[in-house]
Amino acid sequence: MIKNILKWIERILSLDLVIAMACMCVLVLLTFLGAIMRYFLRAPFAWQEEVQTWMILWTIFCGSSYAFRKGAHTSIDILTENFSPRMQRVVEWFGYLCTMLALAFFFYYSLKLNIQFYNTNKTTTTLRIASWKINSMVTVGSLWMALSATCYMLRKQLFPEKEAPQ
């Protein structure tokens with residue numbers, strides 16, 4: 001039952017991978033076209049940097065959420081692999097707690113900043129897009145990463161993979 005719930009949550013959360021891939025494609029294409037326009041046609045896009053910043057931000061936060069869910073963030077296990085299984089679990093949960101605290105920090109201050117952007121009607125310089133719309137991915141992405149990290153930890157703790165025979 002819990003395994004099925006986790007699968008459905010992960011399917012819903014996997015929208016982050018689609019968004020990250022789409023943003024990365026737009027970023028690469030825009031950078032390529034921008035170089036062509038700037039160096040060969042001498043007509044650079046004035047709005048290119050704003051859109052690139054937006055795409056980078058969204059790619060990072062959506063991609064990080066996916067990495068959390070798949071357990072793909074880098075870690076150095078040289079110390080913990082010599083610990084007992086019980087101590088390894090304690091270290092894993094400590095790392096999870098530290099991650100949640102960092103994501104709570106990002107969530108709180110990005111939400112505070114986005115509210116300030118909204119209340120002051122701050123917009124980008126060239127395209128005049130509301131800044132809170134672009135930076136909202138930090139707030140949403142922090143929550144997304146927290147959910148993804150939680151799914152990963154629950155899956156890892158509740159359904160440990162059996163080691164393959166050697």
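The structure examined here is a predicted model, in which local features need pLDDT of at least 70, side-chain atom pairs count only at pLDDT 80 or more, and totals for chains, interfaces and linings use all residues. Residues are numbered from 1 along each chain as its sequence is written, and side-chain values use heavy atoms, with hydrogens and water left out.

Helices here are DSSP runs (H or I, at least four residues), numbered from the N terminus. The axes of helix 3 (residues 48-70) and helix 5 (residues 131-158) approach to within 7 Å and cross at roughly 10 degrees; each axis is a line fitted to C-alpha atoms over the stretch in contact, with angles from 0 to 180 degrees between N-to-C directions. Helix 3 and helix 5 are therefore roughly parallel to each other. Their contact brings together 13 nonpolar, seven polar and four charged residues. In this scheme Ala, Val, Leu, Ile, Met, Phe, Trp, Tyr, Cys and Pro are nonpolar, Asp, Glu, Lys and Arg are charged, and the others, Gly among them, are polar.

Next comes the largest pocket, with a volume of about 710 Å³. A pocket is an open set of points on a 1 Å grid where a 1.4 Å probe fits, with protein on both sides within 12 Å along at least five of seven lines; lining residues have an atom within 4 Å of a point. The volume is the space filled by probe spheres set on the points, which are joined across faces, edges and corners. Of the 21 lining residues, His73, Ser75, Glu92, Tyr152 and Lys156 are the closest to the centre of the pocket. Helix 3, helix 4 (85-120) and helix 5 each supply at least two lining residues, and the largest share, six residues, comes from helix 4. By class, the lining holds nine nonpolar, eight polar and four charged residues.

What about the cysteines? With a disulfide defined as a pair of cysteine sulfur atoms within 2.5 Å, the count is zero. For Cys62, the nearest cysteine sulfur belongs to Cys23 and is 6.2 Å away. Cys62 is buried (under 20% relative accessible area; exposed is over 50%, partly exposed in between, with a 1.4 Å probe and protein chains only), at a value of 0%.

Notes:
Angles under 35 degrees count as roughly parallel, over 145 as roughly antiparallel, 65 to 115 as roughly perpendicular and the rest as oblique.
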